[in-house]
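This report is meant for a reader meeting the structure for the first time.

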Amino acid sequence: MPIGWAYYGDFQSPPKGGGQVIPEWLSYLVNYYQNDVFINCGVEKILLKNNNATGLLFKHRGEVHEVKARHIIAACDVETLYNKMLPPAVLSEKLRTRMQDADIYSSSLTISVALDCHPGQLGFNEELIHISNNEASIEEHSGGDPLKSEMVVLTPSLRDPSLAPEGCGTLTIFMPAYMSFKDGWLTTKDEQGNYIRNEDYRHLKNEIAEVLIDRLSKIIAPDLRAHILFYDVATPVTHWRYTGNKNGTMMGAKPGRENMKNKVAHYQTPISNLLVGGQWAELGGGVPIAVKAGTNAALMILQKENPKAFRLLADYMDARITAEDFEAAAIFKAYDHSWQAKPTPAERKRN
Ligand SMILES: Cc1cc2nc3c(=O)[nH]c(=O)nc-3n(C[C@H](O)[C@H](O)[C@H](O)COP(=O)(O)OP(=O)(O)OC[C@H]3O[C@@H](n4cnc5c(N)ncnc54)[C@H](O)[C@@H]3O)c2cc1C
C-alpha cells in the first residue's frame, strides 16, 4: 500500500513486511516504556465530571471495565464519539448536523488475491495500475458500478517478496464503493444497528469481484484466472466492521469548501481534556494525515503537562533540530533501538 497515495518510486512505501509492521513496531515501543496496549476492547462511554473527562468504560469479551484518565485522545470515527460515547448535550444540534452532512470519501471493494505464481509472470510489475472505462463518465468512474468504475491494482508481493510464500504472489484490486449500494449490500440490521451478513451479501460481493477479475483478465492478464489460489473480498460493510468509520469510508472527511466552512475537522472537543486524534481531526485522511493528527494531539497534551518536552518535540517536528539534538537533550526516556521485525507469515512458512 503506498502510504499517502504516493505512486512514484519507493517514496513513502511501508517497511519490509508491509503495513502490519507499523502497528507491531508501535506496540513494541509502547510496551518498551512499560505502558499497556489493550486490543479487542470497545470503548462504550466516556465518563464526565463538570465538563471534564475522568475516564472511560470499555467492553472486553462481554465484560465492562473502567479506566481513569487525565487526557483522552479519540482516534476513532468522530460521529461514534459524539453519538455513542458522550451524552447528547455535549454537542450542539447545529454541529451534529454539520458533522452528519459532511462530505466523506467513498469506501472500497477490496479484493485480496493469492496467486500460485509470481505476479510478473502474468504481466504485472511494481506500478500501481489505474484502469478506467473510456465509455463511462467521470462521475461513473467513482460511482460504484463494477462495470463502469475505475479499478486500482497493486502487486504487494512484487514490491516486497516477504509477503508471499516462495513461487506465489499477491494482488490487490480496489474499486470505490458505497454503503448505500443495494441498501447496505443486501445485509440486514440487528437492534443495535450492526450489519448482519447473510448469503445474499456473500453472493453479491463475490459476484462483483468476479466482474472486476474479468475486466482485469481482459485488459492486462489473460491467464489470471488459472493462477488464482483463492481470494477474499472486503466491502464497505467489512471496512466499517473493522474500523467503525462511517459507511466504511476510506479516509474520513474530504478536503473542500463545505467541510472547511462547516469546521468539520477539529482536535478540540467541547470537553477540555478530550481530543480527536485520528484521521477525523483533519480533512483528507490517509496514513500521513492520521500520523500528523496523532502527533498533534500528543503535542497538545504535552504542551499542558510538560512544556519542556513539548518544546523539544515541536522543534524536532518542525525540523528545527535533528534527531541527534533531540536525543542529546535527554528529556524523553532513552530508547535502545532494540526493535526487530518478526518474520512475516510467508517467511515463517518458508522457514
Ligand atoms: C481499502 C482502503 C485503502 C486505503 N489505502 C490507503 C493508501 O493507499 N494510502 C493511505 O495513506 N491511506 C489509505 N487508506 C486510508 C488509511 O487507511 C486511513 O486514513 C488511516 O488508517 C486512518 O487511520 P486512523 O488511525 O485515523 O483510523 P483507523 O485506521 O480507522 O483506526 C481507527 C481504530 O479505532 C478503533 N475503534 C473504533 N471504534 C472504537 C471503539 N469504540 N473502541 C475502541 N476502538 C475503536 C478501530 O478498531 C480502529 O482500529 C485506505 C483505507 C482503506 C479502507
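## A helix pair and a glycine

Helices α10 and α11 are roughly antiparallel to each other, a label given to angles over 145 degrees. Their packing angle is about 150° and their axes lie 7 Å apart, where axes are lines fitted to C-alpha atoms over the stretch in contact and angles run from 0 to 180 degrees between N-to-C directions. Helices here are DSSP runs (H or I, at least four residues), numbered from the N terminus.

This is a predicted model, in which local features need pLDDT of at least 70 and side-chain atom pairs count only at pLDDT 80 or more, while totals for chains, interfaces and linings use all residues. Residues are numbered from 1 along each chain as its sequence is written.

| Helix | Residues |
|---|---|
| α10 | 287–305 |
| α11 | 307–317 |

Helix α10 also holds Gly-294, which counts as partly exposed because it has 17 C-beta neighbours inside 10 Å; the term covers counts between the limits for buried (20 or more other C-beta atoms within 10 Å) and exposed (12 or fewer), with C-beta atoms placed from the backbone. Leaving aside neighbours within four places in sequence, Gly-294 is in contact with Ala-75, Gly-277 and Gly-278, contact being C-beta atoms, placed from the backbone, that lie within 7 Å. Ala-74 is 220 residues away from Gly-294 in sequence, yet their C-alpha atoms are 9.4 Å apart in space.

Notes
Helices (H or I, at least four residues) and strands (E, at least two) are DSSP runs, numbered from the N terminus. Two residues are in contact if their C-beta atoms, placed from the backbone, lie within 7 Å. Angles under 35 degrees count as roughly parallel, over 145 as roughly antiparallel, 65 to 115 as roughly perpendicular and the rest as oblique.
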